[in-house]
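Here is a short report for a first look at this structure. Please keep the sequence and the 3D view open while reading.

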Amino acid sequence: MTTLAVGLRRRRLLPAGLHTLRGTAGVLLVGVVVLAGLLAPLLTDADPLAQSGLALAGPSGAHPFGTDDLGRDLFSRVLHGIRTDLLISVTAVPVGAVLGCALALLAATSRGADVAVQRVFDLLLAFPGLILALAVTAVLGPGRWPVVIVIALAEIPGFGRQLRAGILVQREREYALAARVGGASRARVLLRHVLPNAVDPLIVQGAIAFSLAVFIEGAMSFLGVGVRPPEPSLGGILSQSMAYLSTHPGYAAAPLLVVTALVLGLTLIAEALNEGIRR
Amino acid sequence: MTSLSRRSLLRGSVAAAGLLSLAACRSAAESGDGAAASAGPRRGGTLSLATTIDYTPSLLFAQSANTLVQRLVFNTLTRYDDQLRPQPELATSWQPAADGRSITFKLRDDVLFHDGRKFTADDVIFAVKNLQNPVRSAQLRSTAATVTEFRKNGDHELTLELAHPVSNLFDLFEFMIITDSATVEDAVAGKQLIGTGPFRYGKRTPGSSITFTRNEKYWNPGRPYLDGVEIRVIPQADSLVSSLKTGQSHLSYHVPGKDLAGLKGSGQFQLRPYDTGSGAYYIGVNVSAEQVKDKRVRQAISWAVDRERLVQQALGGYGLPSAAPWPKSSPAYSDANATHYRHDPAKARELLKEAGVSGLTLPFAHSNTPDGTAIAQILQHDLKQVGIETELQPTDSPTMQKQLISQTMPALWTLSHGFAQLHPATLAVSAYPFNEAKNSSHFSSPGYTDIVQRAWKRPDSDSAEAKALYQQVTDTLLDEAFVIDLAIGGQIEVAGTKVHGATLNKFNYLNLDDAYLTV
Amino acid sequence: MRTFLLRRLPSGLLVLLAASFLIFLILRLIPGDPATSLAGPDAGPEAVAAIRARLGLDRPLLGQYLGWLGDLATGRLGPSYAIGGEVADLIGDSLGATVELTLGALLLVILLGLPLGVLGATVRRGPVAVAVRALTTTVLAIPPFVTGVVLVLVFAVTLGLLPAGGHESILDQPDLGVQYLLLPALCLALPSAAILGRYLKDGLERALAEDYVRTATALGISRRRIVLRHALPNALPPAVTVLGLQVGQLLGGAVLVEAIFAWPGLGQLAEQGVLRRDYPVVQDLLLLLVAVYVAVQLVTDLVYTWLDPRIRWE
């Protein structure tokens with residue numbers, strides 16, 4: 001929220017932000033994880049769903065990460081799990097972002113709309129997300145869609161509030177006032193002048209949103225309302241491994257490492273971008 | 001600059017240390033169980049029991065997922081020993097008529113309810129009538145309903161007249177708790193429980209805990225040994241296991257299968273399996289679904305599943321792979337029945353071919369708990385190997401229950417069932433999956449109904465003739481395969497080494513009359 | 001301030017009304033039915049019908065909704081369906097536990113977040129700086145349920161220092177209560193503390209770059225005094241806003257933490273309520289949460305206004 005104050009200086013420094021050590025490290029971490037997920041079918045020919053009698057085995061030549069409780073190859077499951085998480089986030093985050101931004105633009109049209117939109121954000125934030133997840137999954141039946149919907153709903157207020165605050169700041173700046181004095185319509189000023197200047201913080205929000213998506217997917221799996229089994233997902237593998245944390249810690253290691261790397265990378269990118277904007 | 005940071009760090013740590021030192025005066029973390037020297041029963045102590053499922057007051061009179069409370073607060077007329085022979089409890093002796101159409105009980109005359117009222121024959125009459133009430137949803141209602149008349153002979157002798165003989169009569173008396181008639185509505189509303197049992201109902205914090213205190217006027221002299229019992233509700237199975245490992249809880253019957261192997265290896269616990277309640281895992285088939293109408297398809301499913309692997313990977317090795325519903329303690333058990341279907345994918349494929357079925361894709365519902373999900377995935381994989389694709393439908397228990405009751409289950413589902421641990425007739429007249437009159441599989445056949453009724457409506461339960469009828473029931477179940485049994489799991493008692501003498505009855509009622517804690 | 005409240009209250013009430021409608025609708029859309037789950041696994045249709053009539057579930061939906069609003073308006077919450085007991089008691093007890101957990105966590109957030117922020121802004125190099133940065137980033141990168149399970153494994157199972165879960169009221173037995181509280185509160189607090197620390201660090205860095213700081217340094221005022229007396233007060237208002245947002249996060253995150261630590265709070269009650277289709281419990285509880293959130297937002301705005309004299313009551 002406060003970072004917006006810093007988004008004042010209108011200079012596009014996205015790449016510059018990413019050129020810092022932190023930014024590079026972030027891009028590298030996320031890049032490796034994303035690539036591993038995208039190239040999963042090339043990196044392993046083990047079927048992530050094939051079971052065997054060899055359960056909870058340690059790492060070996062045949063199973064680089066070992067096997068899970070049903071004797072499935074963990075390496076393959078983790079790689080395909082990344083794909084699942086990517087697919088979910090790539091659908092859910094943009095939907096949440098677009099809806100949030102649309103609401104923020106609506107809020108900019110009038111005072112009444114502004115109050116209404118703010119209360120909508122309040123409502124979305126007030127609902128305990130995981131209870132909503134239980135309810136949505138119960139209504140729709142389990143699968144990817146409930147996860148996507150829950151994540152999208154959770155992302156709306158983040159983007160919306162961010163953009164609304166940005167618009168409020170930008171609207172009062174000289175160039176916007178000048179445009180309005182120059183006879184440009186309200187909508188035109190908003191879309192042509194104010195909006196482009198208020199989007200910088202949204203890109204930071206985007207990076208944060210992706211890491212939030214990974215967490216929500218994990219928490220939903222932990223509560224038993226994640227993607228439909230036996231499809232692997234990072235959160236699903238991780239939450240299944242929790243029962244074996246003391247007896248077979250290796251089971252949790254790989255999915256945890258991937259989740260941490262992904263989220264850490266996204267956080268680093270967000271920070272780097274943030275500093276880039278600020279500079 | 002650094003002095004500042006040190007200082008603020010210091011302040012933070014002083015505050016934290018304050019909290020910790022406050023914590024140091026009394027520890028809420030129990031020290032782990034050492035090897036306790038057992039020196040016979042000891043009076044005193046509070047037993048802490050962990051369960052994943054909270055008790056549901058409205059299901060007090062039905063067999064449900066949590067039946068730990070029933071035998072703590074209440075008593076039954078009789079209780080079974082390991083061979084299903086009834087032993088006296090509130091009834092001291094009984095005399096069935098030769099034709100099996102009546103039975104006369106002599107009752108204890110020294111029993112008081114927790115509110116001080118004396119227990120009499122009227123309380124037994126109330127208990128039977130209460131179970132006849134459909135609103136109580138008692139599974140043994142059909143058996144209770146055979147009682148048509150009550151004849152009192154004084155306050156402590158009672159004759160029950162039956163409409164027809166039933167072979168599972170004593171299952172009813174193992175099941176039926178004797179409650180105080182005046183407060184029964186309070187009991188099902190969760191307000192109070194008044195019985196004659198070893199413990200008085202204390203405080204319940206829904207979703208968290210229930211406490212019980214010793215009944216000082218219990219009819220069994222010197223019992224119970226314990227001062228109190230606490231049932232702790234820990235919905236997350238992993239947390240429940242942690243609670244046992246830290247010694248915070250002493251005893252549990254709800255440890256998930258996959259955790260059992262780890263606990264067994266630790267040497268910190270005694271594990272004991274019971275042939276009781278909801279412990280048989282099965283695949284239910286909705287025979288009204290077009291693709292599984294042909295019994296050869298259902299038989300193929302039964303050949304396709306690897307019961308051994310299921311027991312190893314999902315049940316921690318605790319369970320008996322079996323194609324029939326009966327545990328070893330049942331009069332209907334035989335090795336031949338249990339191994340009637342073995343893991344034989346080739347045979348399964350052959351049967352499917354014979355039935356002219358290929359490219360099957362079936363919806364497959366399962367409970368969305370970690371255990372239920374693991375079992376379903378194992379079965380899905382096995383079925384895929386013979387060419388049957390399934391789409392898993394993780395379902396939460398209220399939805400499942402509604403579908404079961406309203407007979408709207410998908411083509412396949414997997415769950416667990418109880419009632420096979422009793423007299424075999426009880427399974428077929430009481431348990432929903434097997435009920436001859438109305439079951440979730442939509443299966444009915446005059447032949448099945450006839451055998452079930454004959455096995456049920458007879459005065460004896462373990463003559464050669466009775467056993468022959470049970471075998472016919474089993475043969476039908478195996479041949480028709482509308483319920484495909486996978487493994488007999490039973491309840492596994494996980495007890496810390498301090499705990500002695502806890503037992504379950506055949507309906508999973510926890511009996512702590514003789515239980516004690518060593519130091 | 002009165003005008004401020006007058007302007008905010010009506011829209012707050014509208015939010016509650018909209019929330020009540022949504023909650024009611026979503027619950028009815030969930031498959032499964034309170035009557036069948038209450039009736040038991042082997043119930044007959046008579047039993048289900050009797051329960052349905054007793055609970056008033058055979059009435060039309062609109063009637064049920066209006067009936068609920070009416071009951072709320074008159075303050076009657078009535079009995080729960082499946083969990084047992086009165087809804088008011090259930091919510092009261094679990095609210096107490098959640099407030100305890102949230103306040104405990106909030107205290108830890110401040111205790112951990114303040115030093116993290118100050119250290120982050122003032123110590124730029126060396127092992128302390130690395131440790132602070134590593135802590136704030138990794139804590140945020142590990143899913144909270146993993147943190148919870150690991151905390152239990154380390155502090156309860158392995159070290160045996162603290163209980164693995166459960167709850168003892170801190171008011172009745174402070175010494176035991178604190179021990180039960182420590183792990184769940186810490187698990188809940190860690191991510192929020194890292195976020196607070198980061199915002200505070202940003203704010204402090206910006207404040208320290210201002211001209212007056214340079215002037216003050218030139219005047220020979222000690223660095224400590226500058227940070228504590230000048231920079232911190234300027235960095236606090238936005239941090240308080242973040243803290244306000246985090247309270248919402250804490251309440252939401254409580255669902256997971258309460259499940260891991262068997263903490264009998266609102267999250268557990270809501271989860272149990274949804275899982276058992278206990279309509280009254282879930283309805284009243286969720287509405288209460290929305291109300292609490294709206295109130296917290298209001299209070300945050302008030303505090304913000306109070307801390308930052310540049311904003312005037314409009």
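## A helix pair in chain A

Helix 6 (residues 111-126) and helix 8 (residues 144-171) of chain A pack at an angle of about 140°, their axes 9 Å apart. Axes are lines fitted to C-alpha atoms, for helices over the stretch in contact, and angles run from 0 to 180 degrees between N-to-C directions. Helix 6 of chain A is therefore oblique to helix 8 of chain A (under 35 degrees is roughly parallel, over 145 roughly antiparallel, 65 to 115 roughly perpendicular, the rest oblique). Helices here are DSSP runs of H or I, at least four residues, numbered from the N terminus.

Contact means C-beta atoms, placed from the backbone, within 7 Å. Helix 6 of chain A contributes A:Phe121, A:Leu124 and A:Leu125. Helix 8 of chain A contributes A:Leu153, A:Ile156, A:Pro157, A:Gly160 and A:Arg161. Six of these residues are nonpolar, one is polar and one is charged (nonpolar: Ala, Val, Leu, Ile, Met, Phe, Trp, Tyr, Cys, Pro; charged: Asp, Glu, Lys, Arg; polar: the others, Gly among them).

## Where chains C and B meet

In chain C, 64 residues are in contact with 57 residues of chain B. Helix 5 of chain C gives the largest share of that side, eight residues. By class, the side of chain C that touches chain B has 39 nonpolar, 15 polar and 10 charged residues.

## A loop residue in chain B

B:Arg342 sits in the loop between helix 11 (335-338) and helix 12 (345-354) of chain B. Its C-alpha atom is separated by 47 Å from that of B:Leu226, 116 residues apart along the chain.

## Model and numbering

This is a predicted model: local features need pLDDT of at least 70, side-chain atom pairs count only at pLDDT 80 or more, and totals for chains, interfaces and linings use all residues. Residues are numbered from 1 along each chain as its sequence is written, while chains are lettered from A and ligands numbered from 1 in the order in which they are written.

Note on methods:
Two residues are in contact if their C-beta atoms, placed from the backbone, lie within 7 Å. Helices (H or I, at least four residues) and strands (E, at least two) are DSSP runs, numbered from the N terminus.
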